[in-house]
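The sequence and structure come next.

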Amino acid sequence: MSDSPLIHLGSLMRSSEDAHAEGELDHLNYEQGGKPQTLTFTEPAPYEISVNSLSGSEMYLQGSFEPTITMDCARCLREVEVPLELTLGTLMRYEPSTDAPYLEEAETGEEVLVFGDPTLDLSGYLAEITLLSSPLSVIHAPDCKGLCQVCGHDLNDGPCEHMAAVPVEEIDDDLGIPQSSGHAKQTPFAALRELNLPEE
């Protein structure tokens with residue numbers, strides 16, 4: 001198990017010989033907004049990366065990374081394992097004055113990984129690719145019933161006292177809550193139903 005995904009580019013920079021790295025990761029340490037962060041995986045995440053020289057100080061990174069992350073179900077907040085299969089492909093540029101590697105957008109719109117140390121730590125790069133590739137939300141099962149909007153009970157474990165008298169056909173499919181009840185979705189126009197407006 002690797003502590004960090006390192007790839008050594010010294011030979012490539014001297015003789016244009018391709019560089020290669022592979023291994024497994026159970027977490028990634030990186031910085032975001034100047035603060036240290038840790039992205040933890042639910043199982044060892046294999047990676048395989050190769051870098052070849054293009055011209056001058058430019059190179060090209062390609063490979064694969066297969067992390068499994070944990071997210072909360074958007075309906076009931078249960079933990080959901082989300083496997084990702086990421087295909088890597090990024091232009092690189094060597095700038096000796098660069099302290100820490102970072103991604104910048106080139107004039108062509110492509111992202112370029114800029115680095116200054118020939119022993120390149122790809123933790124930040126892999127963390128950013130993982131986070132950008134993750135879904136915005138997940139549900140643990142297609143028929144997830146969600147949480148009671150009154151008491152927070154997980155309705156997948158059975159009905160709560162607020163739903164005992166609600167027929168099944170009145171359950172809201174999106175949120176798992178009864179319609180026309182205290183659980184029902186509220187809209188900005190709900191109060192208008194109570195107004196007595198004069199007829200024209």
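## Buried positions and their neighbours

Ala 141 lies in the segment that follows H2; helices (H or I, at least four residues) and strands (E, at least two) are DSSP runs, numbered from the N terminus. With a relative accessible area of 16%, Ala 141 is buried, where buried means under 20% relative accessible area, exposed over 50%, and partly exposed in between (1.4 Å probe, protein chains only). Its C-alpha atom is separated by 8.7 Å from that of Cys 73, 68 residues apart along the chain.

The model is predicted: local features need pLDDT of at least 70, side-chain atom pairs count only at pLDDT 80 or more, and totals for chains, interfaces and linings use all residues. Residues are numbered from 1 along each chain as its sequence is written, and side-chain values use heavy atoms, with hydrogens and water left out.

Pro 67 sits in the loop between strand E4 (58–65) and strand E5 (68–72). Its relative accessible area is 1%, so Pro 67 counts as buried. Leu 86 belongs to strand E7 and is buried as well, at 8% relative accessibility. The table lists C-alpha separations for these positions.

| Residue pair | Separation along the chain | C-alpha to C-alpha distance |
|---|---|---|
| Ala 141 and Cys 73 | 68 residues | 8.7 Å |
| Pro 67 and Glu 24 | 43 residues | 9.3 Å |
| Leu 86 and Pro 67 | 19 residues | 8.2 Å |

## Overall fold and sheet

The protein has two helices and 10 strands. From the N terminus on, the elements run β-α-β-β-β-β-β-β-β-β-β-α. Of its 200 residues, 34% count as buried.

Six strands form an open sheet with mixed pairing, in the order E2-E3-E4-E7-E9-E8. Two strands are taken to pair if DSSP finds at least two bridges between them. E2 and E8 stand at the edges with a single partner strand each, so one side of each has no neighbour in the sheet. From one strand to the next, the twist averages 40°; axes here are lines fitted to C-alpha atoms, for helices over the stretch in contact, and angles run from 0 to 180 degrees between N-to-C directions.

Strands of a sheet pair through backbone hydrogen bonds, either parallel or antiparallel. Both kinds of pairing involve E9. Strand E7 (residues 86–94) runs parallel to E9, and four bridges join them; Tyr 94 has Phe 115 in E9 as its bridge partner. E8 pairs with strand E9 (residues 111–115) in the antiparallel sense, over four bridges, and Tyr 102 stands opposite Val 114 in E9. The hairpin of E8 and E9 has five residues between the strands, and Gly 109 in this hairpin takes a positive phi near 95°. E9 is largely enclosed by the rest of the structure, because four of its five residues are buried.

## Largest pocket

The largest pocket holds about 470 Å³ of space. On a 1 Å grid over the protein atoms alone, a cavity is a set of points where a 1.4 Å probe fits but cannot get out, and a pocket is an open set with protein on both sides within 12 Å along at least five of seven lines; lining residues have an atom within 4 Å of a point. Grid points are joined across faces, edges and corners, and a volume is the space filled by probe spheres set on the points.

The lining has 17 residues, and those closest to the pocket centre are Tyr 30, Glu 31, Pro 101, Gly 124 and Tyr 125. Strand E2 (19–32), strand E8 (102–105) and helix H2 (123–133) are the elements that give two or more residues to this lining. H2 supplies the largest share, six residues. By type, the lining divides into 10 nonpolar, four polar and three charged residues, where Ala, Val, Leu, Ile, Met, Phe, Trp, Tyr, Cys and Pro count as nonpolar, Asp, Glu, Lys and Arg as charged, and the others, Gly among them, as polar.

## Cysteines

How many disulfides does a search of the whole structure find? The search finds zero, a disulfide being a pair of cysteine sulfur atoms within 2.5 Å. For Cys 148, the closest cysteine sulfur is that of Cys 160, at 3.6 Å, which is too far for a bond. Cys 151 is also in no disulfide, and the nearest cysteine sulfur to it, in Cys 148, is 3.6 Å away. Cys 148 counts as buried, at 3% relative accessibility, whereas Cys 151 is partly exposed, at 44%.
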